[in-house]
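Please find below some notes on the model. They are set out as numbered points, with cut-offs given where a term comes up.

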Amino acid sequence: MSSDQQQPYDQGYGQGYPQGHDPSHDPYAGQQQYGAQDPHVTQTWQGQTWDTQYQPVVQPAQPQQPAAYDATAHLPPQPATTAHPLPDETPAAAPVRGEPTAAYSAPTTSGHTRLTDAQRARAEGRSPIIAPGIQPAALTAVLGVLLAGGAALGSYGLLVPLVLLQAVTAAGWFRLNGMWPARQGIALAFAGGLAADVALLAAGRENAPAAIIGTLGVWVLLTLVLQLRSHADPDERMYGLMATVASAALTIVATGHLGAAPDAVVVGGLAVPAPTSARALPLPGPASVVVALLAAAGAGIAAGGFTDLGTSGALLGLAAGVCALVGLHVASYDYPSRFVHMTAGVALPLTAAAPAVYLLGRALA
């Protein structure tokens, strides 16, 4: 072999290959044979194809995205959210006087604490004491006349309007305390009034105190047991216990009309509507109270003329009028609730007058 065909092994790499590089494994060997290519062009597809007319389109090089963008590229799309301003960007608007605010919620039955209407009225600068008005006073007059007429007929004639008075008292007291619906408490208090009526009729009018106090004690114990079995939170159970006991006590106390002398019930039934109607008149506060008491005493004198009490009916009418004003004032502590005015505003004046009618009736008869 001639010298131009045979070269030393180390001289073969003097033609552009570095020492130690094998030309058979050179990835660019094919480029030297078939023509050099641009090393900056990205090869998109290699291999055989049946379409000899296919010419791949070379896209220009795109700038590399940051690593944080690539890490979130495969995350599922997130729902769009509404942007809210920062607290210091939107100044709080001052509440308008007389308009309800969002801090006060509607009555609920889930056990959450609720502001009463009287507390809301105080917070908004209004008076929480609103008199029921002339319509409840008219209903009180109708119910008082029914009591007086029933007492003139006898104990069983008095029983029908008395049961109606007890039912309205039980419902009105629960609504006055912001507890509605409260069917179980109303039914329990009303059942206490019926039990007192039955006990008084069975024991006789002369044993009325024992029948009323005994029924009241039994109903307080029954209410306590039922509230202990409740699964509500402690605060709600205590509030329900006090409301039920008070409602049952008022309903049972109304039985005093059944145990009082018939003449005293007649005078009291006709005297109570006078102060409630006088308080509905547009008069100043102190003047309205004086007019109401004078009207109660005058109605007592007029009603005493139809009975054996005579002029002593004025004292009974005055005492019944004072109790009626107390009951009317209690029924005014709910603003603005027409249901309370048409229940508690009707019944509480007559119910509160029951002890005075019973005690003074026995003393004057």
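**Notes on the predicted model**

1. The largest nonpolar core has 42 residues, and L158, L165, L200, V265, V272 and L350 touch the most other members. A nonpolar core here is a set of buried Ala, Val, Leu, Ile, Met, Phe, Trp, Tyr and Cys residues joined through side-chain atoms within 4.5 Å. Buried means under 20% relative accessible area, exposed over 50%, and partly exposed in between (1.4 Å probe, protein chains only). Helix α5 (residues 155-176) gives the most to this core, with seven residues. Apart from this core lies another, of six residues, among them W173, V340, A344 and L348.

2. On provenance: this is a predicted model, in which local features need pLDDT of at least 70 and side-chain atom pairs count only at pLDDT 80 or more, while totals for chains, interfaces and linings use all residues. Residues are numbered from 1 along each chain as its sequence is written, and side-chain values use heavy atoms, with hydrogens and water left out.

3. Confidence should be read alongside the rest. The average pLDDT (the predictor's confidence in each residue, from 0 to 100) is 77, and 66% of the residues score at least 70. Residues 1-17 have pLDDT below 50, and this stretch has 11 contacts in the model beyond near neighbours in sequence. Contact means heavy atoms within 4.5 Å. Over residues 87-92 pLDDT also stays under 50, with one contact beyond four places in sequence.

4. The secondary structure consists of 15 helices and zero strands. Helices (H or I, at least four residues) and strands (E, at least two) are DSSP runs, numbered from the N terminus. Of the 365 residues, 33% count as buried. Among contacts between residues at least 6 apart in sequence, 71% join residues at least 24 apart.

5. Leaving aside neighbours within four places in sequence, V265 is in contact with L147, A148, A151, L158, H257, A260 and V357. V272 sits in the loop between α10 (262-271) and α11 (273-279). V272 counts as buried because its relative accessibility is 1%. With the neighbours within four places again set aside, the contacts of V272 are T140, A320, A324, P349, L350 and A353. The C-alpha atoms of V272 and V322 are 8.9 Å apart, across 50 residues of chain.

6. G150 belongs to helix α4 (residues 134-153). Its relative accessibility is 4%, so G150 counts as buried. Beyond four places in sequence, G150 touches G157 and L158. From G150 to P161, 11 residues along the chain, the C-alpha separation is 7.3 Å.

7. Which residues make the nonpolar surface patch of about 370 Å²? The residues are L221, L224, V225 and L228. Such patches take residues with over 30% relative accessible area and no salt bridge; like charges are joined within 9 Å, and nonpolar side chains (Val, Leu, Ile, Met, Phe, Trp, Tyr) within 5 Å. A salt bridge is a side-chain nitrogen of Lys or Arg within 4 Å of a carboxyl oxygen of Asp or Glu. Areas come from the Shrake-Rupley method with a 1.4 Å probe; for residues, only the protein chains shown count as cover.

8. L228 lies in helix α7 (residues 208-228), and L224 is also placed in helix α7. L228 counts as exposed because its relative accessibility is 60%, whereas L224, at 36%, counts as partly exposed. In soluble globular proteins, nonpolar side chains tend to be buried together. The protein exposes about 22400 Å², and carbon and sulfur atoms supply 63% of it.
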